[in-house]
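Dear colleague,

Please find below the structure that I am handing over to you, with its sequence. My findings follow directly after it.

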Amino acid sequence: MFMAVLSGLIVSVDAFFIGLSLGLQKKCKYLYLVAINVFLLALCFVGFFVAGQIYEVIPFDPDLIVGFAFIALGLWTIMQFFLFEHLKRRKGTTEEISISYKTLALVGIVMSGEAMLITMGITFIFLPDSTLIIPITVALAHFVYSTISFYLARTKHLKRIPLALSHTISGLALITYGLLALFVEFDVI
């Protein structure tokens, strides 16, 4: 059980950088982050129960799905930011573009979907010994990490951190978890 909790804490580190990104946006309020995390908690429980139901139906080891899904999510996180920055430069603007409500909703959906996949991945790995502590740990870790970084981003010292760095580290955290799942599948570690 300790390893399941530790996995939930480690793979939720990307929430720190999502909270940092949202905290650097003037338009984003803490209430939006709370709403995202409530939705995230619900999807973590959905992921936990779905994982238990579909584990026997999948004709191959789910670690492959988990690994490739996290690698794809990590690459998407990194590429999405750099594509956005490229489009900004093409328009000839260097100023920060304020985040829209549609973008906030998309961030919430992606962050929640990613947390659901994390929950499913950890549940797959630790079945049949998985318990409700897995979705609770994943959701709580996301909430704590994103809240801390959101408030840190509002300080004058962290406003100097380049957004590219936070998005890249967040994406690399997801890719690393995906690679770990594949390494477990192929008995590399």
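In what follows, a residue is buried if its relative accessible area is under 20%, exposed if over 50%, and partly exposed in between, with a 1.4 Å probe and protein chains only. By that criterion, buried residues make up 42% of the 189 residues in the protein chain. Please note that this is a predicted model, in which local features need pLDDT of at least 70 and side-chain atom pairs count only at pLDDT 80 or more, while totals for chains, interfaces and linings use all residues. Residues are numbered from 1 along each chain as its sequence is written, and side-chain values use heavy atoms, with hydrogens and water left out.

Overall architecture

The protein chain contains 7 helices and 0 strands, where helices (H or I, at least four residues) and strands (E, at least two) are DSSP runs numbered from the N terminus. Along the sequence the pattern is accordingly α-α-α-α-α-α-α. Taking contact to mean heavy atoms within 4.5 Å, 91% of the contacts between residues at least 6 apart in sequence join residues at least 24 apart.

Two of the helices were compared with their expected span, which is 1.5 Å times one less than the number of residues. Helix α6 has 21 residues and reaches 30 Å from its first C-alpha to its last, close to the 30 Å expected. The buried residues of α3 include Leu33, Ile36, Leu40 and Phe48; those of α6 include Ile134, Pro135, His142 and Phe150.

Packing of α2 against α6

Two packed helices are described by the angle between their axes and the distance between the axes. The axes here are lines fitted to C-alpha atoms, for helices over the stretch in contact, and angles run from 0 to 180 degrees between N-to-C directions. The axes of α2 (residues 14-23) and α6 (residues 133-153) come within 7 Å and cross at roughly 35°. On the α2 side, the contact is made by Asp14, Ala15, Phe16, Gly19, Leu20, Leu22 and Gly23; among the residues of α6 that take part are His142, Tyr145, Ser146 and Ser149.

Ala15, in helix α2, is buried, with a relative accessible area of 0%. Leaving aside neighbours within four places in sequence, Ala15 is in contact with Met111, His142, Tyr145, Ser146 and Ser149. Ala15 and Met111 are 96 residues apart in sequence, yet 7.7 Å apart in space, C-alpha to C-alpha.

Nonpolar core

A nonpolar core is a set of buried Ala, Val, Leu, Ile, Met, Phe, Trp, Tyr and Cys residues joined through side-chain atoms within 4.5 Å. The largest one has 28 residues, and Leu22, Phe70 and Ile122 have the most contacts inside it. Two or more residues come from each of α2, α3 (30-54), α4 (63-90), α5 (101-126), α6 and α7 (163-185). Helix α5 gives the most to this core, with 7 residues.

Gly74 lies in helix α4 and is buried, with a relative accessible area of 0%. Not counting residues up to four places away in sequence, Gly74 touches Gly171, Leu174 and Ile175. The C-alpha atoms of Gly74 and Ala173 are separated by 7.2 Å, although the two residues are 99 residues apart along the chain. Ala72, also found in helix α4, counts as partly exposed at 43% relative accessibility. Its C-alpha is 7.5 Å from that of Ile175, a residue 103 residues apart from Ala72 in sequence.

Yours sincerely
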